[in-house]
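Visitor: Could you take me through this model, please? I would like to ask about it piece by piece.

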Amino acid sequence: MKIHFTETVLRDANQSLMATRLRMQDFTDILDTIDQAGYHSIECWGGATFDSCLRYLSEDPWERLRTIKKHMKNTKLQMLLRGQNLLGYHHYSDDMVRRFVRASIENGMDIIRIFDALNDLRNIRTAVDECLKAGGHAQGTICYTLSPIHNLEMYVGLGKEIEAMGCQSLCIKDMAGIMSPKECFDLVTELKKQVKIPIYVHTHQTTGLGFMTYLKAAEAGADGIDCAISAFAGGTSQPATETMAYTLSQMGFDCGVDSKVLKKINDFFLPEEREFIENGTFDPSVLAVKADALVYQIPGGMLSNLMAQLKAQGALDRLDEVLEETPRVRADLGYPPLVTPLSQMVGVQATVNVLVGERYKNIGKEIKAYIKGEYGKAPGPIDPDLMKKVLGDEPPFTGRYAETLEPEFEKAKAELGNRAESDLDVLSYICFPQQALHFFEERELKKALVATYTIEEVK
């Protein structure tokens, strides 16, 4: 039996453990070796990487993608895309979604894992359609969560709809590591009966369930799993690549990966891990098993962001209060899965509720937009008092919100003028206006500081 391995060290692992601070210079020298490991794909872009490149690392995310592609002769590149939200935190117009998806593929992307935070599949159709038209591999996604309204029947229905949409594969995305081995086995087994496309499973080791969940996924016939090289594995990251490959190989699975190459990759990243721990970027506490996440359902990336926010406000000692408030806010909002951008939105609102000392005294604009229906259909009923507080007597929007948005690209291109060196700069600007402008200014400054000269022979 064949099972594919996707390596997450360049994206989800470093996002979950250290808020996506891995710089291009930190991994370029190991890319050729990664390409020889036998991975099915390397998840290396999307998620928070785009934002982080512009906001913190002073890197062009498009150049990062092209650089990785140059080194990957044998391995497919994979990214995470938030459907109509792209890599940002609100819905973008259809023309923007199509341009961004096509540009991603033209610049080197092979597999685009496309999800909607609410599992409202109306919000992934445009991205899926353009991915297929551009020659990419569209992987539709079920965002897994636990609640009184989420069940096996609902998830299988989503899987069948994703297949009917034309996606070439399906991912079960367990952001918080809360899918138990039994739940995973039952879900993969039922999906394998009812859909024909390959099924991939994504989880985290946050709760300590990850290794066991992947074992049962393999036994149920899953086609692939997401793992992280051990230096960047465990805790809020994924289960370790080497451990899963060792275990599954003994059970008769063809994992496709070379253990000797995996060791070289891990040896490279071990000093990186130590460096980031020493400079405070990588907080080792995120490596501990947090079984409480089975109650709070907080994903790894969300947990590291919450800790960073509270630390910045000198309120890290109130983390437990925020963790307890988070599921209450989630219930008030109709049990949305805690995945970006909803995880950040719920986390911020829970933090505000705790620090202000009064629930919903201050309501974030994103939460207001969610309640108005701008992110899609809430999985369950929203608390009527909260809805009344935000909407008054106005009914929520029930259509596909992107259809109300005007095309964005040409307007943004005109606004930027000669500050944009290419259409890719325009896409970056639309996604993250302030961060992109700051990056463009830094880029120009670097150019101005580069002196060119010639040496002439004196006769």
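Visitor: Which residue stands opposite Ile225 in β8?
Guide: Val201 stands opposite Ile225. This is a predicted model, in which local features need pLDDT of at least 70, side-chain atom pairs count only at pLDDT 80 or more, and totals for chains, interfaces and linings use all residues. Residues are numbered from 1 along each chain as its sequence is written, and side-chain values use heavy atoms, leaving out hydrogens and water.

Visitor: How many bridges pair strand β7 with β8?
Guide: Strand β7 (residues 199-202) pairs with β8 in the parallel sense over two bridges. Two strands pair if DSSP finds at least two bridges between them; strands are DSSP runs of E of at least two residues, and helices are runs of H or I of at least four, numbered from the N terminus.

Visitor: Through which helix does the chain cross from β7 to β8?
Guide: The chain passes through helix α9 (residues 210-219), and this β-α-β crossover is right-handed. That term applies if, with the strands pointing away from the viewer, the path from the first strand over the helix to the second runs clockwise.

Visitor: And what is the bridge partner of Phe5 in β8?
Guide: The partner of Phe5 is Ile225. Strand β1 (residues 4-7) and β8 pair in the parallel sense over four bridges.

Visitor: Are the residues of β8 buried or exposed?
Guide: Gly224 and Asp226 on one side, and Ile225 and Cys227 on the other, are all buried (under 20% relative accessible area; exposed is over 50%, partly exposed in between, with a 1.4 Å probe and protein chains only).

Visitor: In what order do the strands close into a barrel?
Guide: Eight strands close in the order β1-β2-β3-β4-β5-β6-β7-β8, with parallel pairing.
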